[in-house]
Amino acid sequence: MKEIYLAGGCFWGTQKFFEQFEGIIETEVGYANGSLLNPTYEQVCREGTGHAETVRIVFDENKIPTEEVLEKYFMTINPLSINRQGGDIGTQYRTGIYYQDESLLPDIEKVYAEEEKKAGQPLAVELKKLENFSPAEEYHQKYLDKNPGGYCHIPQRLMKME
(Lines give C-alpha, C1' and ligand atoms only; values in the text may rest on other atoms or scores of the structure.)
Protein backbone atom coordinates (compact mmCIF):
# COMPACT_ATOMS: atom_id res chain seq x y z
CA MET A 1 0.00 0.00 0.00
CA LYS A 2 1.08 3.57 -0.73
CA GLU A 3 -0.03 6.81 0.86
CA ILE A 4 -0.32 10.32 -0.57
CA TYR A 5 -1.86 13.52 0.75
CA LEU A 6 -3.82 15.73 -1.63
CA ALA A 7 -5.14 19.22 -0.96
CA GLY A 8 -7.74 20.17 -3.52
CA GLY A 9 -9.89 22.89 -1.99
CA CYS A 10 -12.66 21.70 0.30
CA PHE A 11 -11.70 18.23 1.47
CA TRP A 12 -15.26 16.85 1.42
CA GLY A 13 -15.41 16.63 -2.35
CA THR A 14 -11.88 15.34 -2.80
CA GLN A 15 -12.59 12.50 -0.38
CA LYS A 16 -15.89 11.59 -2.06
CA PHE A 17 -14.30 11.75 -5.52
CA PHE A 18 -11.46 9.36 -4.71
CA GLU A 19 -13.58 6.82 -2.87
CA GLN A 20 -15.23 5.77 -6.13
CA PHE A 21 -12.09 4.20 -7.60
CA GLU A 22 -10.94 0.61 -7.31
CA GLY A 23 -7.61 0.47 -5.56
CA ILE A 24 -8.36 3.31 -3.16
CA ILE A 25 -8.20 1.49 0.16
CA GLU A 26 -8.82 4.30 2.64
CA THR A 27 -9.36 8.05 2.78
CA GLU A 28 -9.31 10.45 5.69
CA VAL A 29 -9.84 14.21 5.68
CA GLY A 30 -7.62 16.41 7.79
CA TYR A 31 -5.32 19.37 8.06
CA ALA A 32 -1.79 19.34 6.66
CA ASN A 33 1.40 21.36 6.92
CA GLY A 34 0.32 23.90 9.50
CA SER A 35 1.74 25.32 12.70
CA LEU A 36 -0.38 23.34 15.20
CA LEU A 37 -0.91 19.66 15.85
CA ASN A 38 -4.56 18.64 16.03
CA PRO A 39 -6.10 22.02 15.17
CA THR A 40 -9.84 22.49 15.13
CA TYR A 41 -11.70 23.52 11.99
CA GLU A 42 -12.34 26.91 13.58
CA GLN A 43 -8.61 27.42 14.24
CA VAL A 44 -7.74 26.50 10.66
CA CYS A 45 -10.36 28.91 9.27
CA ARG A 46 -9.90 31.84 11.62
CA GLU A 47 -6.49 31.75 13.27
CA GLY A 48 -4.05 31.58 10.36
CA THR A 49 -2.55 28.21 11.32
CA GLY A 50 -1.25 27.64 7.79
CA HIS A 51 -2.97 24.27 7.33
CA ALA A 52 -4.43 23.06 4.04
CA GLU A 53 -7.61 20.98 3.97
CA THR A 54 -6.13 17.69 2.79
CA VAL A 55 -7.17 14.10 2.12
CA ARG A 56 -4.92 11.23 3.15
CA ILE A 57 -5.28 8.55 0.49
CA VAL A 58 -4.10 4.98 0.96
CA PHE A 59 -4.01 3.11 -2.33
CA ASP A 60 -2.94 -0.17 -3.87
CA GLU A 61 -0.41 0.81 -6.51
CA ASN A 62 -1.04 -2.47 -8.35
CA LYS A 63 -4.66 -1.43 -8.94
CA ILE A 64 -4.27 2.33 -9.29
CA PRO A 65 -0.74 3.61 -9.93
CA THR A 66 0.47 6.88 -8.41
CA GLU A 67 0.37 8.56 -11.82
CA GLU A 68 -3.31 7.66 -12.24
CA VAL A 69 -4.17 8.93 -8.75
CA LEU A 70 -2.58 12.26 -9.65
CA GLU A 71 -4.17 12.45 -13.11
CA LYS A 72 -7.54 12.03 -11.42
CA TYR A 73 -6.64 14.67 -8.83
CA PHE A 74 -5.85 17.21 -11.56
CA MET A 75 -9.31 16.59 -13.06
CA THR A 76 -10.87 18.06 -9.91
CA ILE A 77 -8.86 21.24 -9.39
CA ASN A 78 -7.92 24.47 -11.11
CA PRO A 79 -4.13 24.14 -10.78
CA LEU A 80 -3.57 27.83 -11.49
CA SER A 81 -5.86 29.16 -8.77
CA ILE A 82 -4.14 30.48 -5.66
CA ASN A 83 -5.87 29.81 -2.32
CA ARG A 84 -9.20 29.14 -3.99
CA GLN A 85 -11.18 26.28 -5.48
CA GLY A 86 -14.77 26.89 -6.51
CA GLY A 87 -16.51 29.07 -3.94
CA ASP A 88 -13.98 28.30 -1.22
CA ILE A 89 -11.44 31.05 -0.61
CA GLY A 90 -8.54 31.14 1.84
CA THR A 91 -5.14 29.59 2.38
CA GLN A 92 -6.74 26.44 3.81
CA TYR A 93 -8.23 25.81 0.34
CA ARG A 94 -4.90 25.91 -1.50
CA THR A 95 -3.93 22.97 -3.64
CA GLY A 96 -1.06 20.68 -2.80
CA ILE A 97 0.51 17.29 -3.32
CA TYR A 98 2.26 16.10 -0.17
CA TYR A 99 4.20 12.88 0.28
CA GLN A 100 6.17 11.01 2.93
CA ASP A 101 7.43 8.16 0.77
CA GLU A 102 10.31 9.42 -1.40
CA SER A 103 9.75 6.55 -3.84
CA LEU A 104 6.60 8.35 -5.06
CA LEU A 105 8.50 11.49 -6.04
CA PRO A 106 9.53 10.49 -9.60
CA ASP A 107 5.90 9.73 -10.54
CA ILE A 108 4.66 12.87 -8.79
CA GLU A 109 7.21 15.05 -10.57
CA LYS A 110 6.39 13.45 -13.94
CA VAL A 111 2.65 14.15 -13.68
CA TYR A 112 3.29 17.61 -12.25
CA ALA A 113 5.56 18.50 -15.18
CA GLU A 114 2.97 17.20 -17.68
CA GLU A 115 0.25 19.31 -16.07
CA GLU A 116 2.49 22.37 -16.03
CA LYS A 117 3.22 21.87 -19.72
CA LYS A 118 -0.53 21.62 -20.47
CA ALA A 119 -1.15 24.82 -18.52
CA GLY A 120 1.70 26.66 -20.22
CA GLN A 121 2.69 28.34 -16.97
CA PRO A 122 3.81 27.48 -13.43
CA LEU A 123 1.19 25.69 -11.33
CA ALA A 124 -0.09 27.05 -8.03
CA VAL A 125 -0.12 23.50 -6.64
CA GLU A 126 2.32 23.02 -3.77
CA LEU A 127 4.58 20.02 -4.18
CA LYS A 128 6.40 19.16 -1.01
CA LYS A 129 7.11 16.61 1.65
CA LEU A 130 4.39 16.26 4.26
CA GLU A 131 5.34 18.16 7.41
CA ASN A 132 2.35 17.10 9.51
CA PHE A 133 -1.21 15.84 9.20
CA SER A 134 -4.00 15.89 11.77
CA PRO A 135 -7.33 14.15 11.11
CA ALA A 136 -10.32 16.49 10.94
CA GLU A 137 -13.25 16.22 13.28
CA GLU A 138 -15.56 13.23 12.87
CA TYR A 139 -18.38 15.32 11.37
CA HIS A 140 -16.09 16.15 8.41
CA GLN A 141 -15.23 12.48 7.69
CA LYS A 142 -17.27 11.24 4.69
CA TYR A 143 -19.33 14.43 5.00
CA LEU A 144 -20.95 14.15 1.57
CA ASP A 145 -22.13 10.60 2.36
CA LYS A 146 -23.78 11.93 5.51
CA ASN A 147 -25.06 15.08 3.73
CA PRO A 148 -25.74 14.17 0.08
CA GLY A 149 -26.84 17.70 -0.80
CA GLY A 150 -23.78 19.29 0.77
CA TYR A 151 -21.67 21.84 -1.07
CA CYS A 152 -18.90 20.60 -3.32
CA HIS A 153 -16.81 22.44 -5.91
CA ILE A 154 -16.19 19.26 -7.90
CA PRO A 155 -18.72 18.79 -10.73
CA GLN A 156 -21.29 16.07 -9.98
CA ARG A 157 -20.45 14.26 -13.24
CA LEU A 158 -16.98 13.46 -11.84
CA MET A 159 -18.45 11.78 -8.76
CA LYS A 160 -19.73 8.83 -10.81
CA MET A 161 -16.89 7.92 -13.15
CA GLU A 162 -16.33 4.25 -12.36
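Modeller: A pocket is an open set of points on a 1 Å grid over the protein atoms alone, where a 1.4 Å probe fits, with protein on both sides within 12 Å along at least five of seven lines; in a cavity the probe cannot get out, and lining residues have an atom within 4 Å of a point. Our model is predicted: local features need pLDDT of at least 70, side-chain atom pairs count only at pLDDT 80 or more, and totals for chains, interfaces and linings use all residues. Residues are numbered from 1 along each chain as its sequence is written, and side-chain values use heavy atoms, leaving out hydrogens and water.

Colleague: How much space lies in the largest pocket?

Modeller: Its lining is made of Lys16, Leu144, Pro148, Gly150, Cys152, Ile154, Gln156, Met159 and Lys160. Volume here is the space filled by probe spheres on points joined across faces, edges and corners. For the largest pocket that gives about 170 Å³.

Colleague: How many nonpolar residues are in that pocket's lining?

Modeller: Ala, Val, Leu, Ile, Met, Phe, Trp, Tyr, Cys and Pro count as nonpolar, Asp, Glu, Lys and Arg as charged, and the others, Gly among them, as polar. The lining of the largest pocket has 2 charged residues, 2 polar ones, and a nonpolar count of 5.

Colleague: Which helices each supply at least two residues of the largest cavity's lining?

Modeller: The structure holds 1 cavity of 30 Å³ or more, and the volume of the largest cavity is about 30 Å³. Trp12, Gln15, Lys16, Glu19, Lys142, Tyr143, Leu144 and Asp145 line it. Helices (H or I, at least four residues) and strands (E, at least two) are DSSP runs numbered from the N terminus. The helices that each give at least two lining residues are H1 (11-18) and H5 (143-146).

Colleague: How many of the residues of H1 are buried?

Modeller: Buried means under 20% relative accessible area, exposed over 50% and partly exposed in between (1.4 Å probe, protein chains only). Phe11, Trp12, Gly13, Thr14, Gln15, Phe17 and Phe18 of H1 are buried. They pack against strands E1 (2-8), E2 (24-32) and E3 (52-59), helix H3 (66-75) and H5. H1 is mostly covered, and its buried count out of 8 is 7.

Key
Contact = heavy atoms within 4.5 Å.
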